[in-house]
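This note sets out a few points for a colleague who is meeting the structure for the first time. Please read each point with the model in view.

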Amino acid sequence: MISKFIFNNQYLLNELPEHDKDMLEEVMHNKKYRKHEAIFTEGTLPTGIFYVKVGKIKKYKVDNDGREQIIYIYNPGEFFGYSAILSEESYGDTTVAIENAIISFISKDDFIHILNTSVVFSRLLLKSLSHEFSVMANLMAVLSQRTVRERIALSLLILHDKYKISDIEKKVFIMLSRADLANMAGTANETLARVLHEFKEDNLIWMEGRKIQLLDLKQLTLIANFY
């Protein structure tokens, strides 16, 4: 059920026919980004789309009080930034590297050309875009209707999935700053610290520095109230 809160474009590149995949990879230009470096900012005009090769990227908006609301975290294998080109509008959010990253850039002209050339890529992208709207609606509903405790539990479960390398991995460590975690859950740092301490006392999580490991996924799922 966590898929309700996760974009499904992570394997888009692998699902393309070999010819289409080669065509896409030929126009990708890699760039290294340092931790905290912006990829693009809200209100700027799009010049292309992006593909995460290494690292994690946070997508957020800033409210009227200047506070970040993290909407999503991209993993390696995910495309982003294409909705602004398809809608012919400026970027509606900001994306920043939360760790050192390598991002592939595909220019707007190349992206449009491949979109017009590859029927499969067009179909997969449309499917991904439709799913993203559903994910965004689910996330907004959570932020507006759930308690802080529920939101923090759900954020931890989403992050567990994002930091998980494989399904057989026994130990998954979430390595997100407390400020980013608070912004993701839509709460204050102090409230986050209190709830995390409660979760730790109840043996639901283990913490050391920035590291968080979930010990009781079943109970956290019940607390998140999203099943």
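1. Which residues are buried in helix α3 (residues 108-117)? In this predicted model, the buried residues of α3 include F111, I114 and L115. Viewed down the axis of α3, the buried residues fall within an arc of 105 degrees, so they line one face of the helix.

2. The other side of α3 should be read together with that face. There, D109 and N116 are exposed. The buried residues of α3 are covered by elements including α1 (18-26), β3 (48-54) and α2 (82-87). Also among the covering elements are β8 (101-107) and α4 (119-145).

3. Five of its seven residues are buried, so β5 is largely enclosed by the rest of the structure.

4. The pairing of β5 comes next. Strand β4 (residues 57-62) runs antiparallel to β5, and the two pair over six bridges. In one of these pairings, K61 has Q69 of β5 as its bridge partner. The hairpin of β4 and β5 has five residues between the strands, and G66 in this hairpin adopts a positive phi near 85 degrees.

5. Is Q213 buried or exposed? Q213 belongs to strand β11 (residues 211-214). Its relative accessibility is 12%, and buried means under 20%, so Q213 counts as buried. Apart from neighbours within four places in sequence, Q213 is in contact with K170, K171, V172 and F173, and also with L204, I205 and W206.

Note on methods: Residues are numbered from 1 along each chain as its sequence is written. This is a predicted model: local features need pLDDT of at least 70, side-chain atom pairs count only at pLDDT 80 or more; totals for chains, interfaces and linings use all residues. Side-chain values use heavy atoms; hydrogens and water are left out. Helices (H or I, at least four residues) and strands (E, at least two) are DSSP runs, numbered from the N terminus. Buried means under 20% relative accessible area, exposed over 50%, partly exposed in between (1.4 Å probe, protein chains only). Contact means heavy atoms within 4.5 Å. The arc is that of the directions from the helix axis to the C-beta atoms. Two strands pair if DSSP finds at least two bridges between them.
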